[in-house]
Amino acid sequence: MARYGKKASEKVEKSMREFKKGELKSGKSGKTVKSRKQAIAIGLSQARKAGGKVPKKSTGKSTKKR
């Protein structure tokens, strides 16, 4: 089963293209994005807003089941 939907991959692909050109800006501050991980996170966030199939945000804590 696919983890991400088509809309998510399109949004991430678009944000990565902008990142590589140096045109991708972060949200509120409008600064240029310099991190690859941040570019992917922006793409996934846009896909969530557009209603794409994207898993919930991770909180950074270990989600290992016991």
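These notebook entries record what I looked up in a predicted model of one protein chain.

**Entry 1. Ground rules**

I number residues from 1 along each chain as its sequence is written, and side-chain values use heavy atoms, with hydrogens and water left out. Because the model is predicted, local features need pLDDT of at least 70 and side-chain atom pairs count only at pLDDT 80 or more, while totals for chains, interfaces and linings use all residues.

**Entry 2. The chain as a whole**

I began with the secondary structure and found 2 helices and 0 strands. Helices (H or I, at least four residues) and strands (E, at least two) are DSSP runs, numbered from the N terminus. Of the 66 residues, 23% count as buried; buried means under 20% relative accessible area, exposed over 50%, and partly exposed in between, with a 1.4 Å probe and protein chains only.

I noted an accessible surface of about 5,900 Å², of which 51% belongs to carbon and sulfur atoms. Such areas come from the Shrake-Rupley method with a 1.4 Å probe, and for residues only the protein chains shown count as cover. I then looked at contacts, meaning heavy atoms within 4.5 Å. Among contacts between residues at least 6 apart in sequence, 46% join residues at least 24 apart.

**Entry 3. The core**

I listed the largest nonpolar core, which has 11 residues: Ala8, Val12, Met16, Phe19, Leu24, Val33, Ala39, Ile42, Leu44, Ala47 and Val54. Helices α1 (6-21) and α2 (36-49) each supply at least two residues of this core. A nonpolar core is a set of buried Ala, Val, Leu, Ile, Met, Phe, Trp, Tyr and Cys residues joined through side-chain atoms within 4.5 Å. In soluble globular proteins, nonpolar side chains tend to be buried together.

I followed one core member, Leu24. Not counting residues up to four places away in sequence, Leu24 touches Ser15, Glu18, Phe19, Lys31, Thr32, Val33, Ala39 and Ile42.

**Entry 4. Helix α2**

I checked the length of α2: its 14 residues should span 20 Å at 1.5 Å a residue, and its end C-alpha atoms are 20 Å apart, which agrees. The expected span is 1.5 Å times one less than the number of residues. The buried residues of α2 are Ala39, Ile42, Gly43, Leu44 and Ala47, and they pack against α1.

At the start of α2, a side-chain oxygen of Ser35 reaches to within 3.3 Å of the backbone nitrogen of Lys37. Ser35 itself lies in the loop between α1 and α2 and is partly exposed, with a relative accessible area of 30%. I also recorded that Ser35 and Phe19, 16 residues apart in sequence, are 8.4 Å apart in space, C-alpha to C-alpha. After α2 comes Gly51, whose phi is positive, near 85°.

How many salt bridges does the structure hold? I found 2, a salt bridge being a side-chain nitrogen of Lys or Arg within 4 Å of a carboxyl oxygen of Asp or Glu.

One joins the side chains of Arg17 and Glu13 (2.7 Å, N to O). Both residues lie in α1, 4 residues apart, about one turn of the helix. Arg17 is partly exposed at 48% relative accessible area, and Glu13 is partly exposed at 45%.

Another joins the side chains of Lys14 and Glu18 (3.4 Å, N to O). Lys14 and Glu18 are separated by about one helical turn because they are 4 residues apart in α1. Lys14 counts as partly exposed at 49% relative accessibility, and Glu18 counts as partly exposed at 24%. An α-helix has 3.6 residues a turn, so residues three or four places apart point the same way.

**Entry 5. The loop between the helices**

Is Ser26 buried or exposed? Ser26, in the loop between α1 and α2, counts as buried because its relative accessibility is 15%. Its side chain makes a polar contact with the side chain of Ser29 (3.0 Å). A polar contact is a pair of N or O atoms within 3.5 Å; within protein, one must be able to donate a hydrogen and the other to accept it, and residues adjacent in sequence count only if both atoms are side-chain atoms. Leaving aside neighbours within four places in sequence, Ser26 is in contact with Lys31, Val33, Gln38 and Ile42.

Thr32 is placed in the loop between α1 and α2 and counts as partly exposed at 35% relative accessibility. A polar contact of 3.2 Å joins the side chains of Thr32 and Lys25. The C-alpha atoms of Thr32 and Gly22, 10 residues apart along the chain, are separated by 7.0 Å.
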